[in-house]
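Reader: Can you walk me through this one? Keep it quick.

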Amino acid sequence: MKNCLAFFLVFTLTAASAHGPVPERPATPSDLVLTGLTDSDTTAGGVARLCEQVTFSRGLRYGDSEANVLDVATSDVTKADTPRPVLLFVTGDTFTGDRGAPELSRDIQDAAMCFAARNGMIGVRVNYRLAPAATWPKGAADVAAALSWVHGNIDLFNGDAREIVAVGYGAGAFHVASLLAHPELQADRADAAAVVLVSGIYRVGKDASDSEKAYFGTDTSLYDKRSVFPGILNVEEPILLAWAANDPAKLIAQGETLQKTLCGAGHCPRSTILRSHDGIAAAFGLDGSGDSLAEPTLLLVHQLEARGLP
């Protein structure tokens, strides 16, 4: 963990010094639609320490549903004169959500956003509609709408819409992959420069869980059509694929199948096997669990920055 934190610190200092003097950042414009508080809050314990000097703009509406809100995390590092890359998080343990401990879930997701903000990026967390009220393909449609919002507004937070990395975790991984795989679901300016897919289900089978049936429906003859195959094979964006060593066998098989299929199509993704399946914070090693997505994700961001897009 000390080595990981040291890496983060060196990266942060390097990023900050590379962009010269930091100008004053203008206040967030008043025409953004707020449905919650815009605050600079922290939570208890490790999340509080990680989120020191990180500012959250919460409850920004990107769609018509009450669930269509997102949060943005920034820090002094992201106030540099050069627009910063964006890590957009779409998480969800299941397609019906986890209402057992919503505050804990928010804290864990806050930690991932603070990782982005403290490493010279803009963190964005997307809230989306859940099954059974919202069935296929509404999850992917919400991700598309959120990406469109980011493209139109992230410059207000000094974010670079050309360098959006969409991070899907759990059910969120399917929604991100599904958006890429089904062009008909893509809204105007709803693209991402790269994606990170973590512990996702990419093709539902006849052994679908109750949560999966709530989203995909009970007609199993539609499952293949509603999967990410074969559309995901046509995706040109870089993909970082991950799953945890202690994921259920079904999730591991899903990740291995996606990796094998993409490699067979000539688009072999970089892959990482995580040590822990304890949430998005663990995926980025923020709980001290060891192997994580932190370094490969930062490397992916560096590669996007090095492309020198006009």
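Author: The talk below goes through disulfides, salt bridges, a strand and a cavity.

Reader: Ground rules before we start?

Author: This is a predicted model, where local features need pLDDT of at least 70, side-chain atom pairs count only at pLDDT 80 or more, and totals for chains, interfaces and linings use all residues. Residues are numbered from 1 along each chain as its sequence is written, and side-chain values use heavy atoms, with hydrogens and water left out.

Reader: Disulfides. How many does the structure hold?

Author: Two. A disulfide here is a pair of cysteine sulfur atoms within 2.5 Å. Cys51 is joined to Cys114, S to S 2.0 Å. Cys263 is joined to Cys268, S to S 1.8 Å.

Reader: Where do Cys51 and Cys114 sit in the chain?

Author: Cys51 is in the loop between α2 (45–50) and β2 (54–61), while Cys114 is in helix α3. Helices (H or I, at least four residues) and strands (E, at least two) are DSSP runs, numbered from the N terminus.

Reader: What's the pairing in sequence order?

Author: Numbering the bonded cysteines of the protein chain that way gives 1-2, 3-4.

Reader: Switching to charges. How many salt bridges does the structure hold?

Author: Nine. The criterion is a side-chain nitrogen of Lys or Arg within 4 Å of a carboxyl oxygen of Asp or Glu.

Reader: Which residues does Arg125 pair with?

Author: Asp71 is one of its partners, with the closest N and O atoms 2.4 Å apart. That pair links distant parts of the chain: Asp71 is in strand β3 (residues 69–75) and Arg125 in strand β5, 54 residues apart. Asp110 also forms a salt bridge with Arg125, the closest N and O atoms being 2.8 Å apart. Asp110 lies in helix α3 (residues 102–118), so this bridge ties β5 to a part 15 residues apart in sequence.

Reader: Buried or exposed, that group?

Author: Asp71 is buried. Asp110 counts as buried at 2% relative accessibility, and Arg125 does at 7%.

Reader: Which residues make up the network?

Author: Arg58, Asp71, Asp110 and Arg125 are linked in a network of salt bridges.

Reader: Now β4. Why call it largely enclosed by the rest of the structure?

Author: Because seven of the seven residues of β4 (residues 84–90) are buried.

Reader: Which strands join it?

Author: Six bridges join β4 to strand β6 (residues 159–169), and the two run parallel. Four bridges join β4 to strand β5 (residues 122–126), also parallel. Strands pair if DSSP finds at least two bridges between them.

Reader: Last topic, voids. How many cavities of 30 Å³ or more?

Author: One, from a search of the whole structure. About 40 Å³ of space lies in the largest cavity. On a 1 Å grid over the protein atoms alone, a cavity is a set of points where a 1.4 Å probe fits but cannot get out; lining residues have an atom within 4 Å of a point. Grid points are joined across faces, edges and corners, and a volume is the space filled by probe spheres set on the points.

Reader: What lines the largest cavity?

Author: The lining includes Val143, Leu147, Ala166, Leu180 and Asp191. The elements giving two or more residues are α4 (138–153) and α5 (171–181). The largest share, three residues, comes from α5.

Reader: How does that lining divide by type?

Author: Nine nonpolar, no polar and one charged. Ala, Val, Leu, Ile, Met, Phe, Trp, Tyr, Cys and Pro count as nonpolar, Asp, Glu, Lys and Arg as charged, and the others, Gly among them, as polar.

Note on methods: Buried < 20%, exposed > 50% of the residue type's maximum accessible area, 1.4 Å probe, protein only. 1 Å grid on protein atoms, 1.4 Å probe; cavity = no way out; pocket = protein on both sides within 12 Å on 5 of 7 lines; lining within 4 Å.
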